[in-house]
Amino acid sequence: MTGLRATLLGASAAVLTAQIAVGAAYAADPVKIDVSGEASAVAGVADGDAQGDVNAKVSFKGSTVLDNGLELGAVLTGRLDADQPRQLFGGGRYSGLLIGGPRGVGPDSSDAYLQGAYAYARGSFGQLIVGRDAGIARILSVSSPTIFSSVNVNDWQTDLSGLNDVHTINDFSGYSTKLTYMPPANFLGGVFGGLQLGVSYSPVLKNCGDPLCAPQTGFVISPDGAMLTADSHWDDAVEAALYYEKGIKVGGSNRLFVGVGASFVTADEHAGLDAPSIYDDYEAYSVGLNLAYRGITLGGSVKSTNAGLASLGDDGYLAFDAGVTFRTGEEEGDVAVMLGYGQSEANSIGLNPLDPSLFQDTRTAQAGVTYVLGRGITIGAAAQYTEAKKPVAAGGPQEAATVVIESSIKF
């Protein structure tokens with residue numbers, strides 16, 4: 001079944017690519033090229049040690065609109081990620097113990113790689129995406145608000161402490177090759193007019209092998225290599241997600257905006273073990289809520305997953321985050337402030353056959369302020385405290401206070 005599904009996905013990609021090529025020749029509009037991206041540079045002190053990090057992403061989009069209104073396009077996204085996480089995550093950042101979705105294609109010795117490459121078709125039927133892209137669970141995700149690009153309590157790109165394991169985004173499939181479909185926005189109308197739905201399907205999630213996948217440090221395998229191999233992987237990852245937004249009039253022209261997101265992800269386990277497996281099919285649920293009124297946004301999210309472990313009592317991972325932000329605007333001279341808190345628990349009952357550092361409880365709190373230097377350009381400072389409770393075999397409880405300065409640009 002897996003081979004058949006992979007074949008169908010490949011055929012869909014070929015058909016969509018052909019449609020784009022043919023459609024461009026008969027388009028009512030010329031091919032339009034758009035370039036967008038973002039970058040952040042972080043410098044700070046974590047538990048007395050000076051550290052830094054750089055992240056950048058740039059996307060190239062080519063699209064055209066046919067006479068019948070159908071939009072066809074393709075997107076390529078490059079990524080630079082200079083600092084990979086320094087710990088293995090049992091249910092947080094990479095959400096599982098087997099090798100998860102690939103993060104990108106490029107030399108494994110390089111910080112730069114091709115993160116996304118996909119084609120899409122958008123029309124009255126909705127939107128169809130085929131290729132390497134984030135799954136619908138991430139696309140429609142809602143979590144606590146933030147004013148920073150990379151230094152966050154949750155869904156972070158930079159963690160100078162190396163201890164933060166709070167992650168509520170259902171991004172288990174990574175940027176694996178997948179098929180995603182979203183019906184037209186507002187297609188239900190009425191009270192459900194602000195509802196957006198979507199599904200994604202990934203036939204195979206696995207390490208694509210040296211030297212094609214980069215960076216490989218994001219993949220989790222058994223530390224001693226005895227239990228899991230490079231052939232251990234997930235098949236048939238299915239994601240379903242929704243996002244609903246509603247504006248409620250609150251006196252005069254002011255509105256209270258409510259945004260709700262929810263998702264479910266599952267994948268079939270293929271550990272490749274001869275002995276009875278401690279692993280099981282992966283399952284994860286995530287839900288988030290945001291409330292926005294004028295310049296204030298309040299919200300949070302929660303994720304629960306079995307982390308791909310066989311059912312053994314309370315095994316699994318549970319995380320939540322909450323926060324509030326206030327912005328005076330997004331033009332030059334505007335400021336923003338934030339408070340955020342996150343907590344996660346990763347548990348294993350009985351003898352742990354894996355590295356005990358995979359199972360820890362984490363608490364993270366952060367406060368910060370940013371200043372807009374120009375449209376899309378900000379500089380800010382944040383203070384973060386992180387506490388990780390690990391088993392004694394993994395070093396015992398650890399904590400770190402971090403102070404950082406982040407400069408970011410979006411275009």
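User: How many cavities of 30 Å³ or more does a search of the whole structure find?
Analyst: Six. Keep in mind that this is a predicted model.
User: How much space lies in the largest cavity?
Analyst: About 60 Å³.
User: And which residues line the largest cavity?
Analyst: The lining includes Ala-137, Ser-141 and Val-142. Thr-168, Ile-169 and Asn-170 are also among the lining residues. So are Gly-261, Ala-262 and Ser-263, along with Ser-286, Val-287 and Gly-288.
User: Which elements give two or more residues to that lining?
Analyst: Strand S9 (255-270) and strand S10 (282-293).
User: How do the lining residues divide into nonpolar, polar and charged?
Analyst: Five are nonpolar and seven are polar.
User: OK, new topic. How many salt bridges does the structure hold?
Analyst: Six. As background, side chains of opposite charge can pair when their charged atoms come close.
User: What does Asp-155 form a salt bridge with?
Analyst: With Arg-138. Their closest N and O atoms are 2.7 Å apart. This pair links distant parts of the chain, 17 residues apart. Arg-138 sits in helix H2 (136-139), while Asp-155 is in the loop between helix H2 and strand S6 (177-182).
User: Why does Asp-155 count as partly exposed rather than buried?
Analyst: Because its relative accessible area is 23%, and buried means under 20%. Arg-138 counts as partly exposed too, at 25% relative accessibility.
User: Which residues are linked with Asp-155 in a network of salt bridges?
Analyst: Arg-138 and Asp-171.
User: Now Arg-363. Which residue does it form a salt bridge with?
Analyst: Glu-387, with the closest N and O atoms 2.4 Å apart. Here, too, the pair links distant parts of the chain. Arg-363 is in strand S14 (residues 361-374), and Glu-387 is in strand S15 (residues 377-389). The two are 24 residues apart.
User: Is Glu-387 buried or exposed?
Analyst: Buried, because its relative accessibility is 15% and the cut-off for buried is under 20%.
User: One more. What do the side chains of Asp-81 and Arg-79 meet in?
Analyst: A salt bridge, at 3.4 Å from N to O.
User: Are Asp-81 and Arg-79 buried or exposed?
Analyst: Both Asp-81 and Arg-79 are buried.

How values were computed
Residues are numbered from 1 along each chain as its sequence is written. This is a predicted model: local features need pLDDT of at least 70, side-chain atom pairs count only at pLDDT 80 or more; totals for chains, interfaces and linings use all residues. Side-chain values use heavy atoms; hydrogens and water are left out. A salt bridge is a side-chain nitrogen of Lys or Arg within 4 Å of a carboxyl oxygen of Asp or Glu. Buried means under 20% relative accessible area, exposed over 50%, partly exposed in between (1.4 Å probe, protein chains only). Helices (H or I, at least four residues) and strands (E, at least two) are DSSP runs, numbered from the N terminus. On a 1 Å grid over the protein atoms alone, a cavity is a set of points where a 1.4 Å probe fits but cannot get out, and a pocket is an open set with protein on both sides within 12 Å along at least five of seven lines; lining residues have an atom within 4 Å of a point. Grid points are joined across faces, edges and corners, and a volume is the space filled by probe spheres set on the points. Ala, Val, Leu, Ile, Met, Phe, Trp, Tyr, Cys and Pro count as nonpolar, Asp, Glu, Lys and Arg as charged, and the others, Gly among them, as polar.
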